Amino acid sequence: MARIAALRAAAQRFSFLLLLFGAIAVMMVGKVDSVVVEGARERIMDAVAPILDGLSRPAATAAGMVADVQSLAELRAENAELRAEIAELQQFRDAAFRLEAENLSLRALLNYRPPEPNRYVTARVIADNSGAFVRSVAVALGTDHGVRDGMAVLGGKGLAGRVVQVGERSARVLLITDLNARIPVVVERSRDRAILGGTNTDRPKLAHLPLEAEVRVGDRIVTSGHGGMFPAGLAVGAVAAVDEGEVRVEPFADLSRLDFVRIVDFSPQVPEAELVATPGVSP
Amino acid sequence: MTTTLLQRLDQAARYAAPAAITLFVVLLGVVPIHAPFYPAIAPMLVLMPVYFWTVHRPDLLPFPVTFAAGLLHDALTGAPLGLHAIVLLFCQGVVLTQRRFLAGKSFFVLWWGFLFTVVVATTLEWVLFGLYHAAAMPAEPVAFKALLTTALFPLPAWLFSHTQRSLLSGS
């Protein structure tokens, strides 16, 4: 009996070491050759996507109810704020109409051909994987719906991230706050180019700014379109703090409360790769 | 004969509970919470069932299940695949050596043990992430994460011990 117990203990110790080294090996393979490991990740994600979809719905409903109660309490103040905003926006609208008319006449003069409108699809966020080390979310759409690697993902008011991994019915979106996110941007006011780099905090920072660049708090940051990853001019965020050469940017999109995101295809139109809208979700 | 088969199936289902709960907690851990500031300090939920069952019923949470839970966690969160498998297995190994000391003690001893495990887990996680990305990771959110994980432990622990009493008592 004692011998069997000893054998069992040895076997257990062996399996422990085997799995531990297995895990280390998986991690190292993932670092060296990510194709195999990413494929496995996609398959796992696809397999549990329906479960996550089911789990995320009640969570979203509960969060929605909390938000409802909160907004009920702030209704009066919010109303006044919105009225003020409407008055302000009315001026912008007038300006926009005027500029559009001017733009149209100038285009007609120059025989300018505008770019085709972009196609997009709205996707539900089914998993929020954001932690201290990674900032990403998973959405319930994949290659079946025309989503492809590298597509831009917009969340409400601005750029949220980029599709980095696609399964058949799920995709992973790397948020702009992730340590690995690097986005070519320009400061809208001064046209200074820079790279927006995530730091795993809520505010990514601007790197590679020209030395003579003069950035102020409140400056809008938009994508520059360099590198071809994103089109130029997508709103990203506003400069929130400038100290000792470090410029922090507050993203326009509320990345901690992403319910739905828009996945936009900015590539030239390819007829066979049409984006298909999710059933039950109108884009 | 039928009853024995049913009984056996029932027994198997009960024995599978700890492993199933552990895997379910991994899924629960990535459900969007929609709370500001939460992402940076999101607790490491999966450590709770791994710790609890390793102390109370290590026979029902074999190493391969912990390995699978770690891989699933990595696949879902976008962490380097295998990283949390290393963290969880290592923690399980450490807790196993302290099991005699922890099992059957008061809840506070169990909680202290969990605090120790959380510190080991988050430190290892921090080091591995740093090595993987070849960059120093911010340490502050990690400390908050460890605190939050430890602070939240009593509720799941109560649920787990309830499960243990109702499903696994007498076995």
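User: Which residues does Val173(A) touch, leaving out those up to four places away in sequence?
Analyst: This is a predicted model. In it, Val173(A) touches Ser136(A), Val137(A), Val139(A), Val153(A), Ala160(A), Gly161(A), Arg162(A), Val163(A) and Val261(A).

User: And which residues touch the most other members of the largest nonpolar core?
Analyst: Val139(A), Ala160(A) and Val173(A) do. That core has 100 residues.

User: How many bridges tie strand 1 of chain A to strand 12 of chain A?
Analyst: Six. Strand 1 covers residues 119–128 and strand 12 covers residues 260–265, and the two run antiparallel. Tyr120(A) stands opposite Val264(A) there. Arg119(A) faces Asp265(A) in strand 12 of chain A.

User: How many bridges join strand 3 of chain A to strand 12 of chain A?
Analyst: Three bridges, again with the strands antiparallel. Strand 3 is residues 152–155 of chain A. Val153(A) is opposite Ile263(A) in strand 12 of chain A. Val153(A) is also one of the residues that Val173(A) touches.

User: Which residues are on the covered face of strand 12 of chain A, and which on the uncovered one?
Analyst: Val261(A), Ile263(A) and Asp265(A) are on the covered face. Phe260(A), Arg262(A) and Val264(A) are on the uncovered one.

User: At what angle do helix 1 and helix 2 of chain A pack?
Analyst: At about 115°, with their axes 6 Å apart. Helix 1 and helix 2 of chain A are therefore roughly perpendicular to each other.

User: Which residues meet there, between helix 1 and helix 2 of chain A?
Analyst: From helix 1 of chain A, Val26(A), Val29(A) and Gly30(A). From helix 2 of chain A, Ser34(A), Val36(A) and Val37(A). The contact has four nonpolar, two polar and no charged residues.

User: Switching topic. How many residues are in contact between chain A and chain B?
Analyst: 40 residues of chain A are in contact with 41 residues of chain B. On the side of chain A that touches chain B, helix 1 (2–32), helix 2 and strand 1 of chain A each supply at least two residues. The largest share, 13 residues, comes from helix 2 of chain A.

User: How do the residues on that side of chain A divide by class?
Analyst: Into 24 nonpolar, 10 polar and six charged.

User: How many bridges join strand 6 of chain A to strand 7 of chain A?
Analyst: Five. Strand 6 is residues 182–187 and strand 7 is residues 193–197 of chain A; they run antiparallel. Ile183(A) stands opposite Leu196(A) in strand 7 of chain A.

User: Last one. Where is Gly93(B)?
Analyst: In helix 5 of chain B, residues 83–97. Gly93(B) is partly exposed, because 16 other C-beta atoms lie within 10 Å. Gly93(B) and Phe63(B) are 30 residues apart in sequence and 9.0 Å apart in space, C-alpha to C-alpha.

Note on methods:
Residues numbered from 1 in each chain as written. Chains lettered and ligands numbered in written order. Predicted model: local features only at pLDDT ≥ 70, side-chain atom pairs only at ≥ 80, totals over all residues. Pairing = 2+ DSSP bridges. Helix = DSSP H or I, 4+ residues; strand = E, 2+ residues; numbered from the N terminus. Contact = placed C-beta atoms within 7 Å. Nonpolar A, V, L, I, M, F, W, Y, C, P; charged D, E, K, R; others polar. Axes fitted to C-alpha atoms, helices over the stretch in contact; angles between N-to-C directions. Parallel < 35°, antiparallel > 145°, perpendicular 65-115°, else oblique. Core = buried A, V, L, I, M, F, W, Y, C linked by C-beta atoms within 7 Å. Buried ≥ 20, exposed ≤ 12 C-beta atoms within 10 Å, placed from the backbone.
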